[in-house]
Structures are given as C-alpha cells and as structure tokens.
Amino acid sequence: MSITVKIPAQLRTATGGEGELEVEGSTVGEALDAVFDQHDGLRERITQDGDLRRFVNVYVDGEDIRFQDGLETSVNDGDEVTILPAVAGGE
Amino acid sequence: MAVRSLNCKECGAGYELGAAFFCETCFGPLEVAYDNSGMDAEEAKRKIQAGSRGIWRYSDFLPFEGERPGDPLEPGLTPLVRADRLAERLGMGEVWIKNDAANPTHSFKDRVVAVAVAKAKELGFETVACASTGNLANAVAAHAAAAGLSSYVFVPADLEEQKLLATGIYGTNLVGIRGNYDDVNRLCTELSAERPWAFVNVNLRPYYAEGSKTLAYETIEQLGWQIPDRIVGPIASGSMFTKLGRGITEWLELGLVEGELPTFCGAQAEGCSPVATAFADGTSVCKPQRPDTIAKSLAIGDPADGPYALDLARSTGGSIESVTDDEITAGIRLLAETTGIFTETAGGVTMGVLEKLARRGDIDSDERVVVYITGEGLKTLDAARESFRMHEIDPTLADFEREFAAEVVA
C-alpha cells in the first residue's frame, strides 16, 4: 500500500530536500519506520525511545492520530501522513 | 536587555533571531533569550517610569534592539482595580482585577500582536497572518491595518458573529475554516512553510509570546513594585499563563522587584480542559480534546504550552481548574455586578475558577490576589442573554407602579 508522508520544511535537510515521500505500510508506525529506513537522520528527531517526541504531531488525512490509535492507527492506500511541530498556535 | 538568540526550551539548542518557532533537533518550542549583563535595576525602573503610556515602556524586556518607534495602537497600561465588593461576596481578603479588555481591540491579544507585528516589520515581512479563536483575529487585522501591512486571518467559521464582524471591518482577508481551532492551527502550520508570511502565532510565536510578559510587568508596577501572592488567569494554549511567570521571574532575577513567584492558578472550561485534566491526573502530558464550550476563545484542544503551564502551577503550589458553561455565565454576572466590568466568556471561566477556589477555602484571607480578565463582554453577547429579565411596561405611571410594586414596598 502506498502512503504519502509529508515532511516539514525545516526537516528537509535530512531528506535531501524532499518534502513528500512515498512508502509502504499498514499503520502510521510502519509508514514512519519506512521513512526512517530511507533517511535515518529523521528517526531521532521525530521519535524518542520508540515513541513520538512530545512536541511532534502526526495526522492521517488531517486527523490527529492521538484521537485514533496513535502509531497503531491503520492507513490505507493513498492516505497522506503529515508530520508537524506541535508548538504552533495559542490564544 | 539585549536580545541574543532563540533557544530551544527542551534541549537548549540556539538559533538566530529569525522567523523560526521550533527546534529542528527535537521539535521543542523556541524562546527568546536575552543578555542581561550590565543592567542596573534602579536605572531600568527609572527608564520604565519615564517611558510611553503602554507596553513600549518595557522595550528593554522585549525582543527588539533599540527603541520602538511611535505606535498608534499601543496597547497596555490597562486598569488594575481593587475589587472590594467582589472580595466581600467571596469571603476573600484582597482582590484586584486586571482589566485587559481595555486595549485597542478589547483583549490582551493587542499586547502579543503589537510585539509580533513590530517584529514582522523588522524582519522585512509585508504580510502578517494568524490562526485565531477570535480575539487574536481582531488584533491582527487592526494592527496590520495600522502598520500598513496586508493580512490573512484564519478562524473557525462558526465563531461568534461579533468577533467575525470586528475582524472583517479592518479590511483583512478573513478566512473561515470548516473545522475547530486545532484544524485551523494545523492548516496555518502547513501554510507557514508555503507562504512568505509572518504568522504571528506560528513562525513568529517566540516573539509574539513575549508580549504577554508586559501583563506581569504592569501588575508589579501598578501594585507599587510589589508581586501579588496569587494569580488567577485563563489557559487556552498556556502561553500567556507561562509568560506571566517568565515576566515576574525576569524582574526577580534582575532585582527590579523582591519577593517570590506567586501561586499560579489556571482556569479552563470543562468543555475544553486538557490542561486541567492533566493537572488532576498528575501527568505532564495534555491529552488533546475536541472542544465543546461557550468559551470559544479558550477552546484549544491541543495546547502547545500545556506542559509548561502544568509545571508553573505545580511548582508554585497552585492548581488548574475547570468550570461548566453555567458557572462561566455566572462568573460573567458576578464580575459585572460587583465591579462594573463586563467580560467575555474567557473572563467568566476565570471568575468561575476564582469562586471555586474561594469557596473551597484554598485562598487565605491575607492573600493579595490578582485576577486576569483578558477580553470584552460585547464580543460574546450570547452568554449574557439568559442572565436577566427586562421589565417591559406601557408608558404610564400606573404600569410602572404595578411592575415595581413589590420592590417599592420592600
């Protein structure tokens, strides 16, 4: 299954400038692991001890995975996984 | 104070003073760092007292180099009023209301936006933007107009009508998103990488957040260079709450004021209480929520500064509480009846929590308490609608006497 993973602009130095990666996987965790296999520098920046760092948000087609099953959230062919910094916003 | 760099609050990595907001190594939030060496406390106080009648009197503590030019919409120096009848009603000793609705666009957001827009100009941006629950939208649209910058304002499309009207009038590009604030915020985070714009609370967030420190500085100055014993304030993202702490800490460290950090009490609406829930659960992780509350200006289900707000409340012996929509409406009424100040729903949340703390006996009678009222009641009129009854009569003396018979006798 082909999943598109979108990388924030500030991390694209670790992907050789690529902003979107096509990977295989049936869960968010598998898709991210596939990304890390291609670009090992990203693993440490996005995860810590196997979990997402606390200021990293991940969305599947715009839906925060913390409202779903976290890294176990299933993904389907054509889904878009977006990685974004969590520190934005504020009133 | 000379502004030095942007530093990651998590890992300490340093960055240049540009439009950046998160650490490329660990994703932690960036915060402005200053070089305080060589500052003389008495000289700094004299300079403040001789300064402008607003937030730019604190320029030395804001992220700019040199003096700020004149600002036609300069916010700040809002009233700090002693509320004895409120204190009496709640059985408290000394309560002060910091009425920050008394700003150019009627909320504390003028402070953060004035700082962010000035920084945007300094960095050479021609367009400013924001993700907002309403008050920020008003402020960005107005300050962009005053500064001659174009602007894009993103809000949830179902916002209170008053807040939409008080934004669009300034000639901004008002964009209503079919979704909640967290959806708006996600879109703006993505857009900030695609457009050469200064999103005040995304890529300019480290500077923007510094503006909230002026609320702390003013409180200290208005109390005659003293620190209150307890602070009660609203929490949405937790940014203002934590910056109140940062502002006081800076002045303590620099010797502008003596004492210790107040007890910090945070207020959330039950229908959007990720930080209060984490406080009650004893965790430092705020599990995101889908907001459902009349306090739309506090309806952030995924609060960026939640962990830091929790740290501040816990380390000062305070707490973070939540109140129901009915308690919010009652809180608005309580403040209006006892002080003559009409606040929006966020102020109702703060008042509701103040009442809760007082009734529970958390507040000692010798404490000096400052309550932060951050927005204007005219922006959330629906919340007032059911709170009183109008007497409708014919224009005759007889009808008036009949209507008020009971009260006249009493």
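## Helices H4 and H5 of chain B

In helix H4 of chain B, the residues B:Ala137, B:Asn138 and B:Ala141 meet B:Lys163, B:Ala166 and B:Thr167 of H5(B). By class, this contact consists of three nonpolar, two polar and one charged residue. The model described here, and in every section below, is a predicted one.

H5(B) covers residues 161-168, and its axis comes within 8 Å of that of H4(B), with a crossing of roughly 10 degrees. Angles under 35 degrees count as roughly parallel, and H4(B) and H5(B) are therefore roughly parallel to each other.

## Helices H3 and H4 of chain B

H4(B), residues 135-147, also packs against H3(B), residues 109-122: their axes come within 9 Å and cross at roughly 40 degrees. The two helices are therefore oblique to each other, and their crossing is right-handed.

On the side of H3(B), the contact is made by B:Lys109, B:Asp110, B:Val113, B:Ala114, B:Val117 and B:Lys121. H4(B) contributes B:Asn135, B:Leu136, B:Ala139, B:Val140, B:His143, B:Ala144 and B:Ala147. Eight nonpolar, two polar and three charged residues make up the contact of H3(B) with H4(B).

## Helices H10 and H11 of chain B

Another pair is formed by H10(B), residues 274-281, and H11(B), residues 306-315, which pack at an angle of about 50 degrees with their axes 10 Å apart. That angle makes H10(B) oblique to H11(B). The crossing of H10(B) and H11(B) is right-handed.

H10(B) supplies B:Pro274, B:Val275, B:Ala278 and B:Phe279 to this contact, and H11(B) supplies B:Gly306, B:Ala309, B:Leu310 and B:Ala313. Seven of the residues in the contact of H10(B) with H11(B) are nonpolar, one is polar and none is charged.

## A parallel sheet in chain B

Chain B has an open sheet of four strands, ordered E8-E7-E6-E9, in which the pairing is parallel. Its edge strands are E8(B), residues 173-177, and E9(B), residues 198-199, each of which pairs on one side only. Between E6(B), residues 127-131, and E9(B), the parallel pairing extends over two bridges. One residue pair can be named here: B:Val128 has B:Ala198 in E9(B) as its bridge partner.

Helix H6 of chain B, residues 181-194, lies across E6, E7 (150-156), E8 and E9 of chain B. The direction of H6(B) is at about 145 degrees to E7(B).

## A mixed sheet in chain A

In chain A, five strands form an open sheet in the order E2-E1-E7-E5-E6, with mixed pairing. E2(A), residues 20-24, and E6(A), residues 63-64, stand at the edges with a single partner strand each, so one side of each is left without a neighbour in the sheet. E5(A), residues 56-60, and E7(A), residues 80-85, run antiparallel and are joined by five bridges. Opposite A:Asn57 stands A:Leu84 of E7(A).

Helix H1 of chain A, residues 28-38, lies across E1 (2-6), E2, E5 and E7 of chain A. H1(A) runs at about 115 degrees to E2(A).

## The two domains of chain B

According to the domain assignment, chain B has domain 1, spanning 80-106 + 212-384, and domain 2, spanning 109-209. Taken over C-alpha atoms, the centres of domain 1 and domain 2 of chain B are separated by 24 Å.

Domain 1 of chain B gives 22 residues to the contact and domain 2 of chain B gives 19 residues. On the side of domain 1 that touches domain 2, H8 (213-222) and H9 (239-254) of chain B each supply at least two residues. That side of domain 1 of chain B divides into seven nonpolar, nine polar and six charged residues.

## The contact between chains A and B

Which numbers of residues does the contact take from chain B and from chain A? Chain B provides 32 residues and chain A provides 22 residues. On the side of chain B that touches chain A, the elements that give two or more residues are H4 and H6 of chain B.

H6(B) gives the largest share of that side, six residues. By class, the side of chain B that touches chain A has 16 nonpolar, ten polar and six charged residues.

Definitions and conventions:
Residues are numbered from 1 along each chain as its sequence is written. Chains are lettered from A and ligands numbered from 1 in the order in which they are written. This is a predicted model: local features need pLDDT of at least 70, side-chain atom pairs count only at pLDDT 80 or more; totals for chains, interfaces and linings use all residues. Axes are lines fitted to C-alpha atoms, for helices over the stretch in contact, and angles run from 0 to 180 degrees between N-to-C directions. Angles under 35 degrees count as roughly parallel, over 145 as roughly antiparallel, 65 to 115 as roughly perpendicular and the rest as oblique. A crossing is left-handed if the near helix is turned anticlockwise from the far one by less than a right angle, and right-handed if clockwise. Two residues are in contact if their C-beta atoms, placed from the backbone, lie within 7 Å. Ala, Val, Leu, Ile, Met, Phe, Trp, Tyr, Cys and Pro count as nonpolar, Asp, Glu, Lys and Arg as charged, and the others, Gly among them, as polar. Two strands pair if DSSP finds at least two bridges between them. Domain bounds come from an automatic or database domain assignment.
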